[in-house]
Amino acid sequence: MSGNAELTWKGFYRNNGTKGIRNKILVMYTVECASFVAKEIGAAYRNSGMDVDVVGFGGCTDNEYALRMMIAMIRHPNVGAVMTVGLGCEYLQGKSLVEIAENEGKPAAWMLIQDYGGTLKTIEEGKRVVQQLHERLAKETVLVEMGLSDLVIGAECGGSDYTSGLAGNVVVGRLFDRLVEAGGTAIFEEIVEAIGLKDILLGRGINESVQKELGAAYDKMLEYCKSVRQYSVSPGNFAGGLTTIEEKSMGAFAKSGTKPIEGVLKVSQPPLHPGLWLLDSTPDPHFMSFGYTNPNDNEGLMDLVCSNSHLLFLVTGRGTVVGSAVSPVIKITGNENTYRRMSDDLDFCSGAALTGEKSMDSLAEELLELVISTCRGEQTKAELLNHKEYFIPYKYQSAGTNCEM
Amino acid sequence: MNDKFHQASFQIEKDDNVAVALSDLEPGSIRIHGSSLLEVIVITDAVKQGHKIANRMISEGEPVLKYGVPIGIAIHDIEAGKWVHLHNCKSYYDKRSSTLDLESGAPTDIQYD
């Protein structure tokens, strides 16, 4: 790893002490009724050279879990400025969100559609405010040296096939090992795809108390899967050659690499220190049984974003097209045919390892180069196509003992 | 299909008793890439891309090993060179997967009427 010491780039310094790889303005709506206006404001800046993302929560009744995700995105190092758009009668308070942003030292503004006089006037005013935030960011943002030890990368899979466990997740695991060796931070999730791996999972815990946390997260997940009688495996997986959930789990687990696990993160909790972390996105037991564990891939990516991932890996076999708001997504496949067929969408292929044409180590080296160039500002395929998906669900999870709220 | 995957398979760990088909395989001799002690194995079933082949005899009750870990249990004897899937291997956990259709993976335990 000594060769990577000079692998640095210019990041964006935040007044809360963090460093980002993007300098975004985040437009956040606080209820579905305000989503159209927020999206129209965001769409006005497509391909404008200004980095404006839109996210939001659809519910009118608020939800602690969703609120924590909104706050985590406000605090996220890739976010430079925030504007909230509300209708005016919902529970979630845009004004309070803006206060959090200001306390973090980020320029911010809030608006309510009812106060501004409807759709057109709010869009017009919103565009003006975004322009002002952009000018402030351009003037005030301080650039700072950033390297692998500052970097947080999150990984998950979507549309897996037989290559995911053989090559796609394996190259991510290899890169995660290198990132951790360089003092960086890696996060993996999809504990629902750890069925049958309890002993292996526990064996990776860095100490006894982490092993206990991992065991508790595993048991909660297994109880959840048993009670809904559904494991994270589908007819397409079986038709593609996977025979059991254990087999799929092990293929998914490969992306965690080989380093010790430092602890279990709850959704919206940032890692406490560098190293490898498991993110637990399974809902906690609750009288209303709130939420599905993995409703779609973008929910998983959002979970990783809300733990402060600067950058995301999405590993696919059959192919996927999504990106994410807030953090760039590098889409990786181990399937050369999929890579050729969907070359506009996919960023990296590790399929050459299957026939021994390239070693997994040399592929991990190539992936590292792509990571560095993305940190230096080069756009991923999803960014080029304006794929900026997001998903904030109603869910229940206790805040945990060390969640900063 | 890319020619380099013709009659080729991939074995992940040395101790695994299955290898994964890199293309649709015909019965006959196939190459094993990855971490195998054998370079070639003769298969007796046609095996679709992504599916598994026993690289040695797996007895009833024995774990099916992939990634060096048990991914299921053999529900009867599986000879070397045979296709390994829902018909001869079951999950230790997921009861429902044993009821799925062998070819399509579609559920058979729920009525569409």
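## Domains of chain A

Domain bounds here come from an automatic or database domain assignment. On that basis, chain A splits into domain 1, residues 11–144, and domain 2, residues 151–384. The model is predicted. Over C-alpha atoms, the centres of domain 1 and domain 2 of chain A are 28 Å apart.

## Where the two domains meet

Domain 1 of chain A brings 19 residues into contact with 23 residues of domain 2 of chain A. Together the two domains of chain A bury about 1500 Å². Carbon and sulfur atoms carry 58% of that area. On the domain 1 side, A:Ile21, A:Arg22 and A:His76 stand out: they supply 35% of the area that domain 1 of chain A buries against domain 2, more than any other three residues.

A:Arg22 also takes part in a salt bridge. Its partner is A:Glu383, with the closest N and O atoms 2.9 Å apart. The count between domain 1 and domain 2 of chain A is one salt bridge. Polar contacts between these domains come to 11 residue pairs, both residues at pLDDT 80 or more.

Which elements of domain 1 of chain A give two or more residues to the side that touches domain 2? They are the strands β2 (19–20), β3 (24–29) and β4 (52–56), plus the helix α2 (64–75), of chain A. α2(A) gives the most, with five residues. By class, this side of domain 1 of chain A holds 10 nonpolar, four polar and five charged residues.

## Where chain A meets chain B

Between the chains, 32 residues of chain A are in contact with 38 residues of chain B. Chain A and chain B bury about 2700 Å² between them. Of this area, 60% lies on carbon and sulfur atoms.

How many salt bridges link chain A and chain B? The count is four. One salt bridge pairs B:Lys4 with A:Glu357, and its closest N and O atoms are 2.8 Å apart. Polar contacts across the interface of chain A and chain B number 14 residue pairs, again with both residues at pLDDT 80 or more.

Helices of chain A feature on the side that touches chain B. α6 (162–181), α8 (208–228), α9 (235–239), α10 (245–253) and α12 (336–341) of chain A each supply at least two residues there. α10(A) gives the most to this side, with five residues. The residues of chain A on the side touching chain B divide into 16 nonpolar, 10 polar and six charged.

How values were computed: Residues numbered from 1 in each chain as written. Chains lettered and ligands numbered in written order. Predicted model: local features only at pLDDT ≥ 70, side-chain atom pairs only at ≥ 80, totals over all residues. Heavy atoms only, no water. Contact = heavy atoms within 4.5 Å. Buried area = accessible area lost by both parts, 1.4 Å probe. Salt bridge = Lys/Arg side-chain N within 4 Å of Asp/Glu carboxyl O. Polar contact = N/O pair within 3.5 Å; in protein donor to acceptor, adjacent residues only side chain to side chain. Helix = DSSP H or I, 4+ residues; strand = E, 2+ residues; numbered from the N terminus. Nonpolar A, V, L, I, M, F, W, Y, C, P; charged D, E, K, R; others polar.
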